[in-house]
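Hi everyone, thanks for making time. I'd like to walk you through one protein today, so let me put it up on the screen.

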Amino acid sequence: MNYLSVENISKSFGERVLFTDISFGINKDQKIAFIAKNGTGKTSLLQIITGKDIPDTGQIVSRNGIFIGFLPQEPDLNPKLTVEETIFASDNKVLKIIRAYEDALENPEDETVYQRAFEQMELHQAWDFETRYKQILSKLKLDDLSQKVSSLSGGQQKRLALATVLLNNPDLLILDEPTNHLDLEMIEWLESYFARENMTLFMVTHDRYFLERVCNEIVELEDGKLHTYKGNYSYYLEKKEARVDAEKASVDKAKNLYVKELDWMRRQPKARTSKSKSRIDDFHVIKEKAHQRRKDHRVQLEINMERLGSKIVEFHNVSKTYGEKQILQRFQYVFRKGERVGIIGKNGTGKSTFLNMLTGITTPDSGKIVIGETVKFGYYTQAGIEVKPEQKVIDVIREFGDFIPLAKGKQISAAQLLERFLFDRKKQYDFVEKLSGGELKRLYLCTVLIQNPNFLILDEPTNDLDIVTLNVLEEFLLDFPGCLIVVSHDRYFMDKIVDHLFVFKGEAEIEDFPGNYTDFRTYEDSAPPAENEVKSTAPAGSGKEKNTWRRDANKGLSYNEQKEYNRLERDIRKLEEEKSRIEGLFADETLEGERIDELSVKLRKVLSEIEDKTDRWLELSYKD
């Protein structure tokens, strides 16, 4: 059953053409993702489909009587209403019946009103809906229903808008980046909710795991043409690669034919027959085909960044509290060369505060953060870029640098870096105020990278970036030789980029997990329930807490291996005691610089020994 048809629509803003003459349909129970580069009109298309904008040409035809729900990137909520008033402000009849029933429960003395409300609940089978209503509010952490919308954070407003649109139970639900501003727990709940519910969805999202597990069809807009893939994200990648290879083969064939026909054209006399004129017309078609170029960019750079010294960044007994909320408690950690750390945790557990302390924006309450002399931070924050009137894209990036040095004396210029991140030469001379939200994020990313940092910090870099840009960014980061810290709710991105995780669990508890996000989820899902509930009381990073990811030793070890295993346990215990002793010395506020350097060298040596012995301990632990 067809719910909605997009028929030959086009949209332009002045000279800027977003799309021309595109058509597709949305049928009942389809879960479709729409993929395109930033700035090619994804949000404009959603606005047209939902009637908030009109196309220049073409039309949108929807089935009579269907109810379409829309979740925009930036929710449009009445700031004067409470959370509860916002939810019940819709035309959903069942919600109004639930509201009347809950009001009756608060006034039990009026038996007539209660009886009427109860009967309405029975008549409309609203009991299951009430359960779903409470579940959605609970999962989206909307506990205080009396809170005014004006007092909510951006993330809370997004969750409220999401709850409202889900509870309205539309026939067709249209979503613009639904996972933005949600923490991982909420994203995974929403993912499972959409996967199991019989819903018709049309969405724009950059979350590739979400695409993989929710969508059954992907529509891609590329170079003004629509390509449809009847499957999930893995299927899309496979079939797109096959399509690209076929196009490349076709272009190569056209190039060979073009050379042959060009030679024929040059040898032709001026007076031509009708047959030769036909061949000339064909020649121009071949020429156009032969000169096609794909605009995908693959970053393969040998970046010649400033050398990192032996001392990079060291946290010694660092504590931080906001009011009664404890972020860090005597946190200890020493960063090593080439570390690639992912940071995950629920919103409000202190991830951004940690990054701000690392970069000196926020001061810890106690303890020391020692930064090596050769460290050059590049910090991409959620705040984004400040747009100046009448400034062009190329001018913005040149304020921060003209080039990135590469190996063998080569370099990549500001213009070349912009090209790699999908700003073609024409786009580089556009005014910044003309850019879309995703393009602004992409430009901001370039301003951080052009400064050639050797310690790169990215706080939610994937928000508002399209999948094409994410692939480019991932390739760049895989080539990046320095230290890297990433805070992201994009699980696919984290799995590809990081080696280990800081898991912020709240109440100053931070677990250092040796693996990527999927490894962590697998471990969490396989652990006994009691183990998941255990909370370490030792200070984070002190070495005294139990490493919950360790397993008991396999009893099938040989005699010598068992002896080595026991010796390693003793050695690691002693080294961890030595580590704690050295770390305790850093608490002395009177320490001079030379003594700090001396202790730092000792601590790095101990940490290196712990790492080597723990690797061997793990090898024996998992031995068959």
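Let's start with how the chain contacts itself. If we take contacts between residues at least 6 apart in sequence, 69% of them join residues at least 24 apart. Please keep in mind that this is a predicted model. The protein has 624 residues, and 49% of them are buried. As for secondary structure, we have 20 helices and 20 strands.

The largest nonpolar core holds 74 residues, and F335, L417, F455 and F502 are the ones with the most contacts inside it. Which helix gives the most to this core? That is α14, residues 437–449, with six residues. There is also a second, separate core of 51 residues, and I35, I87, V165 and L167 are among its members.

Let me zoom in on L417 for a moment. Setting aside its neighbours within four places in sequence, L417 touches I397, I404 and I412, along with C446, L449, I450 and F476.

Finally, a helix pair I'd like you to look at. The axes of α5, residues 126–139, and α6, residues 154–167, come within 10 Å of each other and cross at roughly 165 degrees. Anything over 145 counts as roughly antiparallel, so that is how α5 and α6 run relative to each other. The crossing of α5 past α6 is right-handed.

Who meets whom there? From α5 we have F129, R132, Y133, I136 and L137, and from α6 we have A163, L166 and L167. By type, the residues of this contact are seven nonpolar, one charged and no polar.

That's my tour, and I'm happy to take questions!

Key:
Residues numbered from 1 in each chain as written. Predicted model: local features only at pLDDT ≥ 70, side-chain atom pairs only at ≥ 80, totals over all residues. Heavy atoms only, no water. Core = buried A, V, L, I, M, F, W, Y, C linked by side-chain atoms within 4.5 Å. Buried < 20%, exposed > 50% of the residue type's maximum accessible area, 1.4 Å probe, protein only. Helix = DSSP H or I, 4+ residues; strand = E, 2+ residues; numbered from the N terminus. Contact = heavy atoms within 4.5 Å. Axes fitted to C-alpha atoms, helices over the stretch in contact; angles between N-to-C directions. Parallel < 35°, antiparallel > 145°, perpendicular 65-115°, else oblique. Left-handed = near helix turned anticlockwise from the far one by under 90°. Nonpolar A, V, L, I, M, F, W, Y, C, P; charged D, E, K, R; others polar.
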